[in-house]
Amino acid sequence: MNYRTLGRTGLKVSEIGFGAWGIGGGMWQDSEDTESMRALHKAADLGVNFIDTALAYGDGHSEQLIGKFLKERKERIYIATKIPPKNRLWPARRDLPVTEAFPKDYVIDCTEKSLKNLGVDCLDVQQFHVWVDEWLYQGDWQEAIQKLKEEGKLRAFGVSINDHAPDTALKIGASGLVDTFQVIYNIFDQSPEKKLFPLCREKNIGVIVRVPFDEGSLTGRITPETTFPAKDWRNRYFRGDRKRQVWERVQALQRLVGRDLQTLPELALRYCLTPPEVSTVIPGMRRVAHVEANCAVSDGRTLSSFLIEELKKHAWERNFYE
């Protein structure tokens with residue numbers, strides 16, 4: 001496993017991190033706790049030392065599983081979690097004040113709940129689960145973050161940027177108030193390369209890349225005939241003819257997989273690791289097999305400049321979350 005510095009935090013984190021949304025269950029109907037714990041332990045065995053979770057994942061269940069896991073390990077594992085908006089609106093809305101999403105007392109209360117769930121005294125990274133720059137100088141959320149830092153309950157603060165909207169966090173990035181950004185970045189959504197990554201390089205902001213596989217599209221396993229459990233959220237994400245759209249675009253990408261790249265997931269992860277601004281990529285890993293395949297990509301090899309340029313042609317502007 002290779003390690004990169006998480007921006008100005010100075011933390012040396014594994015370039016493949018553990019995305020812990022799926023292990024929370026809830027919206028992921030095929031999640032199973034025993035296998036999730038095995039996946040967490042296998043990840044640590046393979047050198048993963050960064051886990052990203054959230055209070056909203058399974059209403060705290062993801063954090064609680066991680067808390068149990070941490071008690072069984074001796075290594076230093078860095079934990080990032082997130083505060084859900086109080087109004088439970090994803091994505092954030094520009095026309096609503098920050099006081100409806102992140103008032104001071106609520107930010108503090110959620111952080112205390114996460115600390116309890118995880119069984120730790122201090123969070124390595126606490127994040128707002130949504131963000132819009134209109135909130136930058138509204139409300140009293142900054143007082144909450146400062147108080148929590150002074151009390152030693154969090155080391156770094158960041159925001160998880162709205163889906164496919166990296167430009168909605170440029171002002172807070174320029175302000176110096178955030179240590180990290182979490183952002184969607186993959187072969188289909190290359191938009192952070194335009195403005196966000198240069199800003200992160202200038203301000204030394206750590207970049208946590210989420211959705212490297214486009215919720216499964218870029219694994220190559222989504223076909224027009226794919227089905228999900230009845231209450232699984234992916235039924236909405238891939239509704240209508242979206243599975244067909246994905247399948248057609250992925251077939252074109254499959255032609256780029258050859259002797260040096262064995263699978264499409266490998267290609268997807270290597271693309272995400274290409275920008276030097278990226279600190280860690282956090283694919284969801286609910287199963288041991290996922291962990292083993294994803295961690296194997298951290299071997300120091302890079303994509304050729306020719307292949308990177310070819311992948312630029314596959315950018316796809318759309319938002320399946322809507």
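Predicted model: local features only at pLDDT ≥ 70, side-chain atom pairs only at ≥ 80, totals over all residues.
Local features need pLDDT of at least 70 and side-chain atom pairs count only at pLDDT 80 or more, while totals for chains, interfaces and linings use all residues. Residues are numbered from 1 along each chain as its sequence is written, and side-chain values use heavy atoms, without hydrogens and water.

**View 1. The crossing of helix 1 and helix 10.** The axes (lines fitted to C-alpha atoms over the stretch in contact, with angles from 0 to 180 degrees between N-to-C directions) of helix 1 (residues 33–45) and helix 10 (residues 288–295) come within 8 Å and cross at roughly 25 degrees. Helices here are DSSP runs (H or I, at least four residues) numbered from the N terminus. The two helices are therefore roughly parallel to each other, a term for angles under 35 degrees. Contact (heavy atoms within 4.5 Å) involves Glu35, Arg38, Ala39, Lys42 and Ala43 of helix 1 and Val288, Val291 and Glu292 of helix 10.

View 2. A search of the whole structure finds one cavity of 30 Å³ or more; a cavity is a set of points on a 1 Å grid over the protein atoms alone where a 1.4 Å probe fits but cannot get out. Its lining (residues with an atom within 4 Å of a point) consists of Pro85, Asn87, Leu89, Ala92, Arg93, Leu96, Val130 and Trp135.

**View 3. The second largest pocket.** This pocket (an open set of such points with protein on both sides within 12 Å along at least five of seven lines) holds about 360 Å³ of space, the volume being that filled by probe spheres set on the points, which are joined across faces, edges and corners. Of its 15 lining residues, His164, Asp189, Ser191, Lys194 and Glu317 lie nearest its centre.

Notes: Parallel < 35°, antiparallel > 145°, perpendicular 65-115°, else oblique.
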